[in-house]
Amino acid sequence: MKITELFKQKQAVVSFEIFPPKQVSSIDVIFETIDGLVPLRPDYISVTYGAGGSSTKTTVEIAAKIKNKYGLNSLAHLTCIGSSKSQMDEILNELKDNDISNILVLRGDFPRDANPADLPNDFKQASDLAQYIASKFDFCLGGACYPEIHPECSSLDKDIENLKRKVDAGVSFLVTQLFFNNDQFYRFRNKAAQQNINVPIQAGIMPITNRKSIEKMLSLTNSEMPLKLTRILDKFEHNQEAIKDVGIAYATEQIIDLLSQDVNGVHIFTMNKPQITKDILRNLGSLIYSINKQTI
Ligand code: FAD
């Protein structure tokens with residue numbers, strides 16, 4: 001099913017993100033993760049592309065299994081920087097042949113060890129990929145957005161202007177970068193609406209499991225750690241179990257607030273840890289059910 005159809009049926013779409021195992025690991029380990037996530041009945045599962053050294057082929061293989069073996073909707077991420085049109089065509093045809101209807105179109109980032117001059121230059125932005133796919137194929141396209149501004153952009157207004165181009169090029173829903181301050185999301189959502197960006201925006205939620213890794217991620221994404229969270233981490237950072245509980249509680253509270261403000265959906269970055277996602281959803285089950293029951 002196209003993900004845009006899910007947004008028509010549900011007030012709040014709930015989805016999960018997983019990443020393929022590194023090339024040195026067997027692909028089978030990811031199916032244990034998916035086995036743990038399937039009983040939570042997400043509206044769809046997305047599979048990252050090329051990030052963390054994974055091979056690009058595995059994204060297609062995993063997204064296809066989610067759809068065809070587990071019977072769930074899948075969303076395949078696809079980055080275009082440094083790729084040629086013919087390379088993209090090959091992957092797009094593979095996605096089509098595997099009956100995958102949904103793609104998260106992304107620019108991606110140049111690998112640190114690559115020289116951009118050595119790589120193809122057919123796509124400069126995610127909007128170029130969206131336009132290319134929309135002109136040749138019939139996929140439902142999603143795109144990334146940044147409540148706290150993409151790190152390369154000088155202002156939120158400029159970033160939203162660029163985002164509008166991506167939507168106009170064929171992106172019909174958006175998934176945000178992680179954030180911990182919901183007010184940043186609301187500010188972004190208001191500004192996007194003012195610029196006539198009227199597609200559903202799903203909030204990306206990252207449960208904290210480790211202080212160091214979350215701080216690294218925040219520095220890469222330019223995102224803010226709220227003072228309240230800093231204080232809690234200061235107190236409990238050396239207790240791994242406590243940090244995990246903090247992450248579950250904080251994500252739960254964030255999602256409850258977002259649902260109360262009519263968010264179109266939440267996309268949980270599972271980090272391939274089904275138990276944490278399970279604990280968050282256990283806290284939220286009745287809430288999500290009651291919200292969606294009203295609109296089905
Ligand atoms: P774009 O939309 O192209 O934007 C990139 C920058 O260019 C922004 O600063 C934007 O303002 C600017 N810009 C856009 N259009 C124009 C224009 N026409 N003129 C001038 N400037 C412009 N990375 C991976 O490698 N694999 C993944 O699977 C992956 N999944 C992700 C999932 C989510 C939900 C998110 C939020 C990010 C993900 N990323 C992934 C990271 C992403 O690839 C990076 O953030 C990358 O730097 C930007 O990609 P983009 O698609 O947002 O780019």
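An oxygen atom of the ligand lies 2.7 Å from an N or O atom in the side chain of Y146, a polar contact being a pair of N or O atoms within 3.5 Å. The protein covers 83% of the 990 Å² of accessible area that the ligand has on its own (Shrake-Rupley method, 1.4 Å probe). The model is predicted: local features need pLDDT of at least 70, side-chain atom pairs count only at pLDDT 80 or more, and totals for chains, interfaces and linings use all residues. Residues are numbered from 1 along each chain as its sequence is written, and side-chain values use heavy atoms, without hydrogens and water.

**Backbone contacts of the ligand**
- A polar backbone atom of Y49 is 2.9 Å from a ligand oxygen atom.
- For G108, the distance from a polar backbone atom to an oxygen atom of the ligand is 3.2 Å.

**Shell around the ligand**
- The ligand is surrounded by 23 residues (a heavy atom within 4 Å), and the closest are R107, D109, Y146, D159 and K166.
- Helix α6 gives the largest share of this shell, 4 residues (helices are DSSP runs of H or I, at least four residues).
- By class, the shell has 9 nonpolar, 9 polar and 5 charged residues; Asp, Glu, Lys and Arg count as charged, and Gly is among the polar ones.

**Second largest pocket**
- Helix α11 (residues 274–293) supplies the largest share of the lining, 9 residues.
- The lining divides into 10 nonpolar, 2 polar and 6 charged residues.

Key:
A polar contact is a pair of N or O atoms within 3.5 Å; within protein, one must be able to donate a hydrogen and the other to accept it, and residues adjacent in sequence count only if both atoms are side-chain atoms. Helices (H or I, at least four residues) and strands (E, at least two) are DSSP runs, numbered from the N terminus.
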